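Hi everyone, thanks for coming.

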Amino acid sequence: MNFTVGFKPLLGDAHSMDSLEKQLICPICLEMFSKPVVILPCQHNLCRKCANDVFQASNPLWQSRGSTAVSSGGRFRCPSCRHEVVLDRHGVYGLQRNLLVENIIDIYKQESSRPLHSKAEQHLMCEEHEEEKINIYCLSCEVPTCSLCKVFGAHKDCEVAPLPTIYKRQKSELSDGIAMLVAGNDRVQAVITQMEEVCQTIEDNSRRQKQLLNQRFETLCAVLEERKGELLQALAREQEEKLQRVRGLIRQYGDHLEASSKLVESAIQSMEEPQMALYLQQAKELINKVGTMSKVELAGRPEPGYESMEQFSVSVEHVAEMLRTIDFQPGATGEEEDEEVALDGDEGSAGPEEERLDGSEGLH
């Protein structure tokens, strides 16, 4: 069904009144504001009843005003700008009334001689019956029509209803749908906020675990460095002991060699003496010295393999294999691991003598 919109002569300020009427429409019920009118912090206005409907839809567990239980405040979003409105324990009844808008509505109603939207309705005429106004609604075809169409026209076999009844019903359905959509948007926004918080928590937890992981491996490296230092010290002590012994033998053999060489030189000089009497005076003493020198027993040389240091080799294959098995333990927390490391450190602390014995036993 098509409609012809005809504009009849109106008052001189009809355009201004129409513009004013548009500014007085509630974005929820799409009707002129019904008092009391509340003003939101974002400076948009709503009927208190519509504001309460949106608030109740966003806060289903909030107690009604008539309830005896004291309830905390809630929040909802402005349907015009999506600004979040935070309410105290009084709910929408704690919002300030916009008396200026209420006064403008009163003045508008006094100046207007017909209900809201009546101007537009007066000009909706039936296309088939040009003199007939659109005043009924065809429920079968779901279109507005006129009475003559119902009696003689295309809708004579259809079920119809008064236009105001269907108008109010669909206005109410649309208002409820808007309220539900606004509430749904609030819930979606809440879920988005929660998921953003989850992302932030994941980043914080990952950063913390990375720090703990670095600390664990730094502690492990420190233990390895400490043990390496202990083993190097043990190796250095053994080296020094062996060197001192061998160098002592070298000095002893050197002194014997020097004394023997001097005695040989003296004996050769004595043998060159041409006078027999003078030679015989010195020969007896030299013969005794040479006999004594040849019978001197020197300290034994180092046993075969004394220079070897193979006993200080270290096998790390099993330790390396164990290190490769290090993995995450989902059930262990960072605090528990700290306590375990501390306990291991206490048990592993031993005196110098015990450390040396342990080090000797571990060398093979």
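Let's begin with Glu321, which is partly exposed at a relative accessible area of 47%. One network, held together by salt bridges with shared partners, consists of Arg77, Arg82 and Asp186. And please keep in mind that this is a predicted model.

Back to Glu321: which side chain does Glu321 meet in a salt bridge? That would be Arg324, at 3.5 Å from N to O. Arg324 itself counts as exposed, with 63% relative accessibility.

In total, the structure holds 13 salt bridges. Another of these links Glu230 to Arg227, with the closest N and O atoms 2.7 Å apart. This pair is in helix α6, again 3 residues apart and about one helical turn from each other. Then there's Lys289 with Glu285, where the closest N and O atoms are 3.4 Å apart. Both lie in helix α7, which covers residues 276–294, and they are 4 residues apart. Lys289 is partly exposed at 42%, and Glu285 is partly exposed at 48%.

Now for the patches. Leu213, Phe217, Leu224, Leu323, Ile326 and Phe328 make a nonpolar surface patch of about 570 Å². Helix α6 gives the most to that patch, with 3 residues, while Leu323 belongs to helix α8.

Finally, Glu127, Glu128, Glu130 and Glu131 form a negative surface patch. Glu128 is found in the loop between β6 and β7, and is exposed at 51% relative accessible area.

Notes. Residues numbered from 1 in each chain as written. Predicted model: local features only at pLDDT ≥ 70, side-chain atom pairs only at ≥ 80, totals over all residues. Heavy atoms only, no water. Patch = residues over 30% accessible without salt bridge, like charges linked within 9 Å, V, L, I, M, F, W, Y side chains within 5 Å. Areas by Shrake-Rupley, 256 points an atom, 1.4 Å probe, with all protein chains shown as cover. Salt bridge = Lys/Arg side-chain N within 4 Å of Asp/Glu carboxyl O. Lys, Arg positive; Asp, Glu negative; His and termini not counted. Charge placed at Lys NZ, Arg CZ, Asp CG, Glu CD. Helix = DSSP H or I, 4+ residues; strand = E, 2+ residues; numbered from the N terminus. Buried < 20%, exposed > 50% of the residue type's maximum accessible area, 1.4 Å probe, protein only.
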